[in-house]
Amino acid sequence: GLLYVQGGYNEVEWDYTDCICQGTGMNATDYLQTNKASGPCRCIKEVNITEENNQAKWDRDILLYYGLENFHQNHRQYADSRDDKQINGDRLNSDGDPDIPFSDCEDPHNNDNSSGEILPIVPCGSIANSLFNDTVKLFFKRDDSEEWKPVSLLNTGIAMAFDKKRFNNPVEDDQLKTELEGKIAKPRDWTKHLWELDEDQPSNNGLENEDLIVWMRVSALANFRKLWRRVDHEDKSHAELRDGLLTSYLYKLEIEYSYDVSSFKGRKKVIIARDNEFGAKNT
């Protein structure tokens, strides 16, 4: 269901752990276990941002977070399973190519390639391997007589500036596939290669991808939220949202459900919130 949080915060959240995959009638968790090869699971939920709220709109800026419960990112073995020199783009061999990572980085290398050569996993370690990979879309319409329109969401400007400085590609941003294909392996649980994280924006691709950077900042708590997307209030295709979300409109969330939380008995949710000078509410 939906939970509304008041007390100075505009916020609505949807726990979609057990949502039903569109067109299947199956619980998403069960679908991942039995039908994942059939294609992605998509869950849809209409959200009401007006309940217990008599404001005309939620003032900009509107942010989307994902939240996880019972995920212990602060476990020492997990938190140490990374190579800071690698993610800074400096773990290179004498030829200037990515080298085998730091020994504490779990699964540092992989020889699962056609040549049989040992390749470094980039990025290596448990944190990167468990990267959150659900995707979210937001839609709106004035009333039921209209078709749903997509809300433009930004996947940049979500990572802290300090963290972004610590993540650098070992080659030029627009040369990732050309220079790295055949020289590195992807983490074992990833479905994408490093150079496929954001093919539309070279400056947000590879190790400099902000979804990766946000995930790699480990949480001290087992229940946490991380910034996922920002509403692009400047997009002229929905000028009516320039100043915020109008409470008279209807809104819908669509999740492409890929991240399995059953292994750690976890739950996950999406939160729509209004940014403010105090930051977002803590979980």
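**Group meeting: a walk through the cores, pocket and disulfides**

Buried here means under 20% relative accessible area, with exposed being over 50% and partly exposed in between, using a 1.4 Å probe and protein chains only. Before I go on, a word on what we're looking at: this is a predicted model, where local features need pLDDT of at least 70, side-chain atom pairs count only at pLDDT 80 or more, and totals for chains, interfaces and linings use all residues. Residues are numbered from 1 along each chain as its sequence is written, and side-chain values use heavy atoms, with hydrogens and water left out.

Back to Leu245. You'll find Leu245 in strand S12, residues 244–246. Helices (H or I, at least four residues) and strands (E, at least two) are DSSP runs, numbered from the N terminus. What does Leu245 touch, not counting residues up to four places away in sequence? The list is Ile49, Ala56, Lys57, Trp58, Ile62, Tyr251 and Ile272, where a contact means heavy atoms within 4.5 Å.

Two of those names, Tyr251 and Ile272, come back in the largest nonpolar core, where they are among the residues with the most contacts, along with Tyr16, Trp215 and Leu253. That core has 65 residues. By core I mean a set of buried Ala, Val, Leu, Ile, Met, Phe, Trp, Tyr and Cys residues joined through side-chain atoms within 4.5 Å. Strand S5, residues 62–69, gives the most to this core, with six residues. There's also a second, separate core of five residues, including Cys105, Leu119, Ile121 and Ala185. As background, nonpolar side chains tend to be buried together in soluble globular proteins.

Leaving aside neighbours within four places in sequence, its contacts include Tyr66, Leu68, Leu131, Phe132 and Tyr259.

Now, Leu131 and Phe132 also turn up at the largest pocket: they lie nearest its centre, together with Asn133, Asp134 and Thr135. A pocket, on a 1 Å grid over the protein atoms alone, is an open set of points where a 1.4 Å probe fits, with protein on both sides within 12 Å along at least five of seven lines; lining residues have an atom within 4 Å of a point. This one holds about 1400 Å³ of space, the volume being what probe spheres set on the points fill, with points joined across faces, edges and corners. Which element gives the most to the lining? That's S8, with three residues.

Last topic: disulfides, meaning cysteine sulfur atoms within 2.5 Å. How many are there in the whole structure? The search finds three.

Cys19 and Cys43 have their sulfur atoms 2.0 Å apart. Cys19 sits in the loop between strand S2 (11–15) and helix H1 (28–34), and Cys43 in strand S3 (residues 41–47), so the pair ties together parts 24 residues apart in sequence. This link is right-handed, with 75° about the S-S bond.

Cys21 and Cys41 are also joined, sulfurs 2.0 Å apart, but their link is left-handed at -100°.

Then there's Cys105 with Cys124, at 1.9 Å. The torsion about that S-S bond is about 100°, so the disulfide is right-handed. Both Cys105 and Cys124 are buried. Number the bonded cysteines in sequence order and the pairing reads 1-4, 2-3, 5-6.
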